[in-house]
Amino acid sequence: MSELTLTVMRLGFLAVLWLFVIVAVQVIRSDLFGTRVTQRASRRGSEQNRPPAQRQQAAPQQPSGRAANRQRRGAPSKLVVSEGSLTGTTVALQGQTISLGRAHDSTIVLDDDYASSRHARIYPDRDGQWIVEDLGSTNGTYLDRTRLTTPTPIPLGAPIRIGKTVIELRK
């Protein structure tokens, strides 16, 4: 092998090694410090000081039009935090995906050391049933003391545990 080929291979290996080190440092930094939180301008001044999960309470409880016809009788209409730092927080279920985690853009922002940035999501399926899915979190998402490995339907009133936070679907 020529000296030039050997030098190019050494430099290529060194570049790949430095790239790995830089990516590893960025991941560690993001885990330690999280993401930067920026203040968003709101329509009403009173909403500015409330967390995103509580802002959802002001939305109408029932969807209108065809979506109202699809909603079954006895189907859950809200998501309630029953334990943890956000106890009492309620989010109206309107057919949208609800994200849970420490990231500032999550629907419910969890201030919990055991929660990942993008921990889990709750979404409706085509039958109007709500599904919970763990998004590859380190500490896991539990539905009624069972760790989730696949997207799972949520029974009404069943506790969903993420770290110290417990969330339930209610009517």
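**Close-up views of a predicted model**

View 1. F13 lies in helix 1 (residues 3–33); helices (H or I, at least four residues) and strands (E, at least two) are DSSP runs numbered from the N terminus. F13 is exposed at 59% relative accessible area, where exposed means over 50%, buried under 20% and partly exposed in between (1.4 Å probe, protein chains only).

The model is predicted: local features need pLDDT of at least 70, side-chain atom pairs count only at pLDDT 80 or more, and totals for chains, interfaces and linings use all residues. Residues are numbered from 1 along each chain as its sequence is written, and side-chain values use heavy atoms, leaving out hydrogens and water.

**View 2. The salt bridge between R161 and E83.** The closest N and O atoms of this pair are 3.7 Å apart. It links R161 in strand 10 (residues 160–162) with E83 in strand 1 (residues 78–83), 78 residues apart. A salt bridge is a side-chain nitrogen of Lys or Arg within 4 Å of a carboxyl oxygen of Asp or Glu.

**View 3. The salt bridge between E133 and R121.** Here the closest N and O atoms are 2.7 Å apart. E133 lies in strand 6 (residues 130–134) and R121 in strand 5, so the pair ties together parts 12 residues apart in sequence. E133 is buried at 18% relative accessibility, whereas R121 is partly exposed at 28%.
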